[in-house]
Amino acid sequence: MDLFETVNEGIKNAMKARDRVRLEALKGIKKEFLEAKTAPGANGELPDDKAMSILVKMAKQRKETADIYNQNNRPDLAEGELNELKVIEEFLPKALSPEELEAELKKIIAEVGATSAKEMGKVMGVATKALQGRADGKAISAKVRELLS
C-alpha cells in the first residue's frame, strides 16, 4: 500500500473514530497529494519518494508556524499546528540522532570521495536524497561543512 492509499485509509478510520484533529490533518495531506498528482507532468501518479518530500515540507511548515504563534503569544493556535505535525510525523521515517547523522554522512563522504569544502555540493546532493525525511537540510549542511573542514 502506497502513502496515498495509507492516508485515505487513515481518513476513513479518523471519521469512524470521530477524531477531528487527525481527520483535518489527513485531509490536508490528501489535498497536497492530489495537487501533486494532478500537476503538469505528473501523469496522475505520485511515487512514494515525491509523497515523502511533500510530507517533509508540510512538517517543516507546521513547525515554523507553531514557532511563530508561540512567539506572538498564541499558544492556542500553536497547539493546533503541533497536533497536525504529530499526525504528519507518523508517516515520516524516524529522525536520525546527531550521532547517526554523522555516521551516515561519513559514509556518503567516503562514497563520493570528497576531501575539501569545495566538494560540499557533491556531498549535499547525495546526502539530501539519501536522508530525506530523516534529517533536516540545515542539520545536514552544517554537519557536512563541519566534516569537510
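Below are my entries, going from the whole chain down to single residues.

**Ground rules.** I am working with a predicted model, where local features need pLDDT of at least 70, side-chain atom pairs count only at pLDDT 80 or more, and totals for chains, interfaces and linings use all residues. Residues are numbered from 1 along each chain as its sequence is written, and side-chain values use heavy atoms, with hydrogens and water left out.

**Overall fold.** I looked up the secondary structure and found seven helices and zero strands; helices here are DSSP runs of H or I with at least four residues, strands are E runs of at least two, and numbering starts at the N terminus. In sequence order the pattern reads α-α-α-α-α-α-α. The C-alpha trace spans about 55 × 45 × 25 Å along its principal axes.

**Surface and burial.** Of the 149 residues, 32% count as buried, meaning under 20% relative accessible area, against over 50% for exposed and in between for partly exposed (1.4 Å probe, protein chains only).

**Cores.** Which residues touch the most other members of the largest nonpolar core? I noted Leu3, Val7, Leu26, Ile29, Phe33, Leu55 and Phe91, out of 23 residues in that core. Helices H1 (3–17), H2 (20–37), H3 (48–71) and H4 (75–89) each give two or more residues to this core. A second, separate core has 14 residues, including Leu101, Ala114, Leu131 and Val144. For the record, a nonpolar core is a set of buried Ala, Val, Leu, Ile, Met, Phe, Trp, Tyr and Cys residues joined through side-chain atoms within 4.5 Å.

**Leucine 3.** I listed its contacts (heavy atoms within 4.5 Å), leaving aside neighbours within four places in sequence: Phe33, Asp48, Ala51, Met52, Leu55 and Phe91.

**Helix H2.** What do the buried residues of H2 pack against? I found H1, H3 and H4. The buried residues themselves are Leu23, Ala25, Leu26, Gly28, Ile29, Phe33 and Ala36.

**Glutamate 81.** This residue sits in helix H4. Is glutamate 81 buried or exposed? Glutamate 81 counts as buried because its relative accessibility is 17%. I also noted that glutamate 81 touches Arg62, Thr65, Ala66 and Tyr69, not counting residues up to four places away in sequence.
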